[in-house]
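Hello,

Here is the structure I said I would pass on. My notes on it follow below.

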Amino acid sequence: MDQSVAIQETLAEGEYCIIQAVQGVLCEGDSRQSRLLGLVRYRLEHGGQEHALFLYTHRRMAITGDDVSLDQIVPVSRDFTLEEVCPDGDLYVLGADVTVQLDTAELSLTLQLPFGSHTRMFLQEVARACPGFDPANPDPEFLWLSRYKCAEPKLESPTPGGWNSAPGTRPVCATIGGGSYPSRKRVWGLEEKFGLRDTIVKSLLAQKEGEYTDIQNFRFFVGTYNVNGQSPKECLRPWLSHGAQAPDVYCVGFQELDLSKEAFFFHDTPKEEEWFKAVSESLHPDAKYAKVKLIRLVGIMLLLYVRQEHAAYISEVDAETVGTGIMGRMGNKGGVAIRFRFHNTSICVVNSHLAAHMEEYERRNQDYKDICSRMQFCQVDPDLPPLTISKHDVILWLGDLNYRIEELDVEKVKKLIEAKDFETLYGYDQLRNQLAAKTVFEGFTEGTLTFQPTYKYDTGSDDWDTSEKCRAPAWCDRVLWKGKDVTQLSYQSHMALKTSDHKPVSSVFDIGVKVINEELYRKILEEIVRSLDKMENANIPSVSLSKREFCFQNVKYMQLQVESFTIHNGQVPCRFEFIRKPDDESYCKQWLSANPSKGFLLPDSDIEIELELFVNKTTATKLNSGEDKIEDILVLHLERGKDYFLPVSGNYLPSCFGSPIHTLCYMREPILDLPRETVSKLTLMPVWTEGDSSQLESPLEIPKELWMMVDHLYRNAVQQEDLFQQPGLRSEFEHIRDCLDTGMIDNLSASNHSVAEALLLFLESLPEPVVCYSAYRSCLECSGNYMASKQVISTLPTFYKNVFNYLMAFLQELLKNSAKNHLDENILASIFGSLLLRNPAGHQKLEMAEKKKAQEFIHQFLCNPL
Amino acid sequence: MATAPYNYSYIFKYIIIVMADCPHTIGVEFGTRIIEVSGQKIKLQIWDTAGQERFRAVTRSYYRGAAGALMVYDITRRSTYNHLSSWLTDARNLTNPNTVIILIGNKADLEAQRDVTYEEAKQFAEENGLLFLEASAKTGENVEDAFLEAAKKIYQNIQDGSLDLNAAESGVQHKPSAPQGGRLTSEPQPQREGCGC
């Protein structure tokens, strides 16, 4: 009976009880109260949905909304957790009940839920309903629950604020590696989701089972009793405790427990408790037993007990029912089953009540097949197909199978019984014949029948049925088994019991169970885990590098050097990237680059990486001063894998390019002839040095390198057509740079255009422009006022002023030859304007207006006498 | 997600610094393994690097978010032992106060060539509040113990609440997520399907 129907009747529009309700026990201290749990979904108007658990008090079996009354609501909020707990002191393996703890920021509830697939499905659904921790999703607000808040006086609000946590009070989740993680509690459902590794371990363990288990015999008692709707009236010991030795496991089945209509329609009967009690009291007195499980379908009930000392070795208990009665579904006929693992052996016990009547043996065969195909147990791993009866190491099948004795009339049967000629009688047994024809119970074995038929007697006697129907005696009540290492010790009926029109049957077995040798098990488990670790680690990408250390010798200004190496990938496809160290802006120093700096490699493939080193105006000064060195460590990172450190080293040859004007003025020698420390010290000298330069050698008026270039142009190029407008040659630039830095100016042989370009590069590479940054604004302001402009220039540091005037004089000289070289004031002003005046903010893109003013400023000096 | 080969309750990040003058690795090796502490499966994410002075600056970035730091020296080479204090300073400064630091004397199988006594190192460890044991990577002796000892201590810190999992750099993740190979930064990486096993 699906009790969610009753819950649904109490809900408002838009709210749905989305899964069959579960009846559980709410534990508060010592109190135990039954509650009906419904998982309710509410669809929000803007899309999206929210969930809450509704807990109801209820009548014994809720059918309509009147039978339930709302007790409390637990919103499935972000801080909601549901975890399975082991109640203290209890033998959790008895497993009948699942104890779960519900927690939110406001409350904590402990609930016991019945074991089985309904509970499991319910819990999985709840786990799925959790809003998760995706920050993109809005926090659930649970506005829809507000109608329950006041209207329902029974709803306890632990705090005036109610259960709905105010924004901001939600506990902050750990963020590690950018992700968010829920509370530290084991969240229900997690294990299932991430169970693949477990599944692998399990299947490998199963493969090697023989290596760590020993077969040990355990005694199983299997009994079946059709009680014909009666209540227990006599002690069951003659049936259940007839042996000298106390069994390890009891499997006790009943049929026709309750023949009333109530039991049939509402699945509820007081007989269950009565018979359970009667059995519990009649178990073997020499041992203490624990109930593992009770399962009942209308009148078909199965009980499983183990000796207490074995309880810890019982696991994976599940129970299911299959009805094969009216419409093929109802529970007046059918079967119930309990499956479990005992030590390492999986066992399934089935109790069935098959179709009645002499001629219906094919119906009975069909019932058997239906039970086999429809009886499905949950797997711990939801990805695996459900477990069926046949997938067990040992199957014990008991019950009122209802097979009759055919082809003999009643008198003949009774005669054979009287003569105790059971062998002859057995020849007419339908089950025997169907077994022989392999139409039912294939692979099952039954022991020899050495007892008289157990059906049908006059109740309270050992007399055969004297009613009008006068049923022929039959072996209706049977026990069969399937599996290895099963030895039947006895198979008998118990005539002493007279409560029913059937006699109970019992069979005692010794069953060889695979018992784990803990030490060997540990060892093999360890091996498996290690091998999985190994496999996992083998799937971490790994590459080999043709070269791991890079040295760049004698690096010069604007001279590209390239070192290349090959990344050879191993067997795992991988993404690689040079990564940034935390405090750095880029994965390497500015003067270096890796090409490509990231990429993807297929297994066993190669890629060539070029490390390019190029020092330009931005990086040269600090290399001259020694503030920076040709030293770096690149970190080559493989996604999901290791990192490689690639050290880069080398030496830089200082150059006049990138050196400040005043520094060069103090260098009377070529820069490369000076000791490294001197270059470094002079480069670090501040722009305004005039005051304290006494200890230094008397400086030059302007940098000798500038003089050399200008002088060369003055002597060779004043009439050169398109001077400063044609590009030079890269090779010639390198030659010019070397001549300047070594002072070998006499060797200089280069085209005029190359020298002109070198001059422009020189001005461009100055860390402090000729018109110092500090004078930039005032220059732009007085542009157009020649006198004021001259005034600003006069405030520049001496060397800068000298260089400015020197350059202007040279440019005026060039203009005198404009007929030949085609230069005019505008061309020169536009070229030199942006080199001599530079925006201190260093913006590459100057505003047109600003550029124009800079050109105008230079223009004045070109067309006016200096 | 269902195909990801993980199931464990926690992920601990370990950094191993092997004091070395001639390194076994230039860079950071990355590996994982699963161990069990108090019935809890714990996945270790292990960053393994050589404690070479020239890489000290780069190595610093790997301490971040480590739950355990394993400092390994060679008992047959005193020079490796002498390096410890500067690296220990890094480990202390760059990890959170609850990071478990364990000192490991390697090559315990080479007793004849021993250059650092057990007692001396033990005392150093005690003075600095470190766990200490000697191990042999060659024979495997105590190597497993080193991982376990550190994990036990971390787990204990979680249990008694002194390690706050919600703290950004506890080095412990409670819920499995994509392994983050030796990323220097803590940016999240797109998860890739686990293809292994």
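Chain B has 5 helices and 7 strands, where helices (H or I, at least four residues) and strands (E, at least two) are DSSP runs numbered from the N terminus. Starting at the N terminus, the order of elements in chain B is β-β-β-α-β-α-α-β-α-β-α-β. Of its 197 residues, 56% count as buried, meaning under 20% relative accessible area, with exposed over 50% and partly exposed in between (1.4 Å probe, protein chains only). Taking contacts in chain B between residues at least 6 apart in sequence, 77% join residues at least 24 apart; contact means heavy atoms within 4.5 Å.

This is a predicted model, in which local features need pLDDT of at least 70 and side-chain atom pairs count only at pLDDT 80 or more, while totals for chains, interfaces and linings use all residues. Residues are numbered from 1 along each chain as its sequence is written, chains are lettered from A and ligands numbered from 1 in the order in which they are written, and side-chain values use heavy atoms, with hydrogens and water left out.

In chain A, an open sheet of 6 strands has the order 13-14-12-11-24-23, with mixed pairing; two strands pair if DSSP finds at least two bridges between them. Strand 13 (289-297) and strand 23 (486-493) of chain A are the edges, each pairing on one side only. Strand 11 (residues 213-226) and strand 24 (residues 505-516) of chain A run antiparallel and are joined by 12 bridges. Within strand 24 of chain A, Ser507(A) is the bridge partner of Val222(A).

Also in chain A, the axes of helix 23 (residues 798-816) and helix 25 (residues 825-836) come within 11 Å and cross at roughly 160°. Axes are lines fitted to C-alpha atoms, for helices over the stretch in contact, and angles run from 0 to 180 degrees between N-to-C directions. Helix 23 of chain A is therefore roughly antiparallel to helix 25 of chain A (under 35 degrees is roughly parallel, over 145 roughly antiparallel, 65 to 115 roughly perpendicular and the rest oblique). Among the residues that meet are Phe804(A) and Leu811(A) in helix 23 of chain A, and Leu828(A) and Phe832(A) in helix 25 of chain A.

Lastly, Arg730(A) lies in helix 19 (residues 730-742) of chain A. Arg730(A) counts as partly exposed because its relative accessibility is 47%. Leaving aside neighbours within four places in sequence, Arg730(A) is in contact with Met558(A) and Phe614(A). Gln559(A) is 171 residues from Arg730(A) in sequence and 9.2 Å from it in space, C-alpha to C-alpha.

Regards
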